[in-house]
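Please look over the sequence and the fold, then read the points below.

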Amino acid sequence: MKRIGLVGCVKEKSYFSQNACDLYTSTLFKGRRLYVEASCTEWWILSAKHGLVHPEELLSPYDFTLKEVSKEKCREWSMGVLEEVDKRVAPSAGDIFEIHAGIEYRHFGLVDGITGRECLVVTPTEGMSIGEQLRFYKEKNRLPNEY
């Protein structure tokens, strides 16, 4: 059984190309990353522009969010991510997907598609405000005020 972390991308990015795990620079992303690195057997990034991204993939900065697109485009994005999950993650029944991303990334078919593959979905920060999420990751990761 695998525990797969899915971490949503964020607006704050580096100004130059680098590995995806280092491209996103916000405190929220850093907290999510540290959490899944400790709690999951593998983790991936949910990029609004690129779909499912391995943390070591080289990416250039971009300015795109799922908040800017229609519900239909979000559904298309989710279906594309599910196809990539099948190819790159190859989940088995009973695997656990731990999702650390906003509603735009989770809804519109992604969660339903994962559960339809007989996998469990866990969303540790579901329903939390950004401030509550930041506090959650700080406490769980046992981090100082700034990280």
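Phe29 has a relative accessible area of 0% and is therefore buried; buried means under 20% relative accessible area, exposed over 50%, and partly exposed in between, with a 1.4 Å probe and protein chains only. The model is a predicted one, in which local features need pLDDT of at least 70 and side-chain atom pairs count only at pLDDT 80 or more, while totals for chains, interfaces and linings use all residues. Residues are numbered from 1 along each chain as its sequence is written, and side-chain values use heavy atoms, with hydrogens and water left out.

**Aromatic residues**

- Seven aromatic pairs are found in the structure; rings of Phe, Tyr and Trp (its six-membered ring) pair if their centres lie within 6.5 Å, and planes under 30 degrees apart count as stacked, over 60 as edge-to-face and the rest as tilted.
- Tyr24 and Phe29 make a tilted pair, because their ring centres are 5.0 Å apart and their planes stand at 40°.
- Tyr24 has 2% relative accessibility, so this residue counts as buried.
- Trp77 and Tyr105 form an edge-to-face pair, with 5.5 Å from centre to centre and 85° between the planes.
- That pair links distant parts of the chain, since Trp77 is in helix H3 and Tyr105 is in helix H4 (residues 103-106), 28 residues apart; helices (H or I, at least four residues) and strands (E, at least two) are DSSP runs, numbered from the N terminus.
- Trp77 and Tyr105 are both buried.
- A cluster of Tyr24, Phe29, Trp43 and Tyr62 is linked by ring pairs.
- Lys13 lies over the face of Tyr62, 4.5 Å from the ring centre; a charge sits over a ring if NZ of Lys or CZ of Arg is within 6 Å of the ring centre and within 35 degrees of the ring normal.

**Nonpolar core**

- The largest nonpolar core holds 36 residues, and Leu6, Tyr24, Leu46 and Ile114 have the most contacts inside it; such a core is a set of buried Ala, Val, Leu, Ile, Met, Phe, Trp, Tyr and Cys residues joined through side-chain atoms within 4.5 Å.
- Among the elements that give two or more residues to this core are strand E1 (3-8), strand E3 (42-47), helix H3 (71-89) and strand E6 (96-100).
- Helix H3 gives the most to this core, with six residues.
- Beyond its neighbours within four places in sequence, Tyr24 is in contact with several residues, including Cys9, Lys13, Phe29 and Tyr62; contact means heavy atoms within 4.5 Å.

**Sheet**

- Five strands form an open sheet in the order E4-E3-E1-E6-E7, with mixed pairing; two strands pair if DSSP finds at least two bridges between them.
- E4 and strand E7 (120-122) are the edge strands, each pairing on one side only.
- E1 is mostly covered, with five of its six residues buried.
- E1 pairs with E6 in the parallel sense over five bridges, and Val7 stands opposite His100 in E6.
- E1 and E3 also run parallel, joined by five bridges; Leu6 has Trp44 in E3 as its bridge partner.
- E6 and E7 run parallel and are joined by three bridges, with Leu120 in E7 the bridge partner of Ile96.

**Helix H3**

- Glu72 is found in helix H3.
- Glu72 counts as partly exposed because its relative accessibility is 42%.
- Glu72 and Gly5 are 67 residues apart along the chain, and their C-alpha atoms are separated by 25 Å.
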